[in-house]
Amino acid sequence: MILPFWKLLTPSSVCFTVKQGIRKAVSNMSRMNALSVKQLRLVALLGDVQSIQIAASLLGMTQSTATKSLQKIESLLEIQLFHRTNKGILPTRAGLTFLGHAKTILQSVDRADKDIQNIRHGRKGELALGAPIGASRAALQKAIVLHAKK
């Protein structure tokens, strides 16, 4: 007799499987959460300039620091992102995939920073206007221009 799969599942086996899945998801999340924006910038720049020395110089760090940082990133991700050659570095297949994600994340971080700066300096936000029905368009335009100058 063949039992349906749900009859084979016991509460303890379901609980173990769920815990195992959650543990794996948290482990993966922890690994990615450990990466800093600075590390993502290093990887993105390495992909563009394909030289640890040039990337380090552009980021204001030593070549040794950049190399150690890249090694730490690769260790954390458990995969090599760049092939090292005597002429520079080239992204691996995993490196190309990660570069795309890193650049997307950095664009989002930069956009968020720009938006926050604009709000902080009053260059972005919402303005609610109330005006009597008979107000002229010119008067409203003047009011908006005056407010924008403040």
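Let's start on the outward side of helix H4. Gln53, Ser57 and Leu58 are exposed there. This is a predicted model, so keep that in mind throughout.

Which residues of H4 are buried? Ile52, Ala55 and Ala56. Look down the axis of H4: the buried residues fall within an arc of 100 degrees, so they line one face of the helix. An α-helix has 3.6 residues a turn, so residues three or four places apart point the same way.

What covers that buried set? The cover includes H3, helix H5, residues 63-77, and strand E2, residues 88-91. I'll take the two helices in turn.

H3 first. H3 spans residues 37-49, and H4 spans residues 52-59. Their axes come within 9 Å and cross at roughly 130 degrees. Angles over 145 would count as roughly antiparallel, and 65 to 115 as roughly perpendicular. H3 and H4 are therefore oblique to each other. The crossing of these two helices is right-handed.

Which residues make that contact? From H3 we have Arg41, Leu42, Leu45, Leu46 and Val49. They meet Ile52, Ile54, Ala55, Leu58 and Leu59 of H4. By class, that contact has nine nonpolar residues, no polar ones and one charged. Note Leu58: it is in this contact, and it is also on the exposed list.

Between H3 and H4 there is a loop, and Gln50 sits in it. Gln50 has a positive phi, about 50 degrees, although it is not a glycine. Is Gln50 buried, exposed or partly exposed? Its relative accessibility is 32%, so Gln50 counts as partly exposed.

Next, H5. H4 and H5 pack at about 105 degrees, with axes 8 Å apart. The two helices are therefore roughly perpendicular to each other. On the H4 side of the contact are Ile52, Gln53 and Ala56. On the H5 side are Gln63, Ala66, Thr67 and Leu70. That contact divides into four nonpolar, three polar and no charged residues.

Ile52, Ala55 and Ala56 are the buried residues I named for H4.

Where does Glu74 fall, buried or exposed? Its relative accessibility is 10%, so Glu74 counts as buried. What does Glu74 touch, leaving aside neighbours within four places in sequence? Glu74 is in contact with Ile79, Gln80, Leu81, Phe82 and Arg84.

Past H5 comes another loop, running to strand E1, residues 82-85, and Glu78 lies in that loop. Glu78 also has a positive phi, about 60 degrees, and is not a glycine. Glu78 is exposed, with a relative accessible area of 63%.

Last, the whole chain. How many helices and strands are there? Seven helices and two strands. Along the sequence the pattern reads α-α-α-α-α-β-β-α-α. The chain has 150 residues, and 21% of them count as buried. Now take contacts between residues at least 6 apart in sequence. Of these, 46% join residues at least 24 apart.

Conventions:
Residues numbered from 1 in each chain as written. Predicted model: local features only at pLDDT ≥ 70, side-chain atom pairs only at ≥ 80, totals over all residues. Heavy atoms only, no water. Axes fitted to C-alpha atoms, helices over the stretch in contact; angles between N-to-C directions. Helix = DSSP H or I, 4+ residues; strand = E, 2+ residues; numbered from the N terminus. Parallel < 35°, antiparallel > 145°, perpendicular 65-115°, else oblique. Left-handed = near helix turned anticlockwise from the far one by under 90°. Contact = heavy atoms within 4.5 Å. Nonpolar A, V, L, I, M, F, W, Y, C, P; charged D, E, K, R; others polar. Buried < 20%, exposed > 50% of the residue type's maximum accessible area, 1.4 Å probe, protein only. Arc of directions from axis to C-beta.
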